[in-house]
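Please read them with the model open.

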Amino acid sequence: MQATDSNRVNYFGTGRRKSSVVRVRLVPGSGQMTVNGQPGEEYLQFNPAYLAIAKAPLESLGLENEYDIIANARGGGLTGQADSIRLGVARALCQLDPENRKPLKLEGYLTRDPRSKERKKYGLKKARKAPQYSKR
């Protein structure tokens with residue numbers, strides 16, 4: 001879905017990973033990233049790995065200095081949120097131009113990671129950890 005406000009076109013994408021959900025908006029700009037109202041570098045704690053993950057779809061298409069990323073992140077930790085931002089940006093880039101879908105799909109940026117935390121079972125301490133066994 002795209003929306004226009006005063007001659008600026010926005011492209012939207014939603015990303016999910018583990019328990020984090022991120023709504024991403026791509027706006028024509030200079031390559032800045034804003035997450036929850038903070039600069040992306042500050043929000044992702046100046047970790048170059050998280051920043052590289054979040055901006056990877058733009059870099060693979062050579063658009064890193066043409067669009068600003070505005071993300072609204074909820075839930076999970078920084079790793080899950082960075083991966084969610086990557087998926088949301090990739091989906092927004094598919095809206096931007098359907099030709100972007102094939103290279104993004106080949107890189108694996110459009111695949112939602114299905115892994116999530118396994119639930120705790122009764123009689124166990126965690127999902128699979130059993131109490132210590134003692135013969136006597």
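1. A crossing is right-handed if the near helix is turned clockwise from the far one by less than a right angle, and left-handed if anticlockwise. In this predicted model, α2 passes α3 in a right-handed crossing.

2. The pair consists of α2, residues 48–61, and α3, residues 78–96. Their axes lie 7 Å apart, at an angle of about 15 degrees. Angles under 35 degrees count as roughly parallel, so α2 is roughly parallel to α3.

3. Which residues make the contact? From α2 come Tyr-50, Ile-53, Ala-54, Ala-56, Pro-57, Leu-58 and Leu-61. From α3 come Leu-78, Thr-79, Ala-82, Asp-83, Ile-85, Arg-86, Val-89, Ala-90 and Leu-93. By class, the contact holds 13 nonpolar, 1 polar and 2 charged residues.

4. Searching the whole structure gives 1 cavity of 30 Å³ or more. The volume of the largest cavity is about 30 Å³.

5. The lining of the largest cavity is made up of Gly-31, Gln-32, Met-33, Lys-55, Leu-58, Glu-64, Tyr-67 and Ile-69. Two or more of the lining residues come from α2, and likewise from β6 (67–74). The lining splits into 4 nonpolar, 2 polar and 2 charged residues.

6. Check Leu-58 in the viewer. Leu-58 of α2 takes part in the contact with α3, and Leu-58 also lines the largest cavity.

Definitions and conventions: Residues numbered from 1 in each chain as written. Predicted model: local features only at pLDDT ≥ 70, side-chain atom pairs only at ≥ 80, totals over all residues. Heavy atoms only, no water. Axes fitted to C-alpha atoms, helices over the stretch in contact; angles between N-to-C directions. Helix = DSSP H or I, 4+ residues; strand = E, 2+ residues; numbered from the N terminus. Parallel < 35°, antiparallel > 145°, perpendicular 65-115°, else oblique. Contact = heavy atoms within 4.5 Å. Nonpolar A, V, L, I, M, F, W, Y, C, P; charged D, E, K, R; others polar. 1 Å grid on protein atoms, 1.4 Å probe; cavity = no way out; pocket = protein on both sides within 12 Å on 5 of 7 lines; lining within 4 Å. Points joined across faces, edges and corners; volume = space filled by probe spheres on them.
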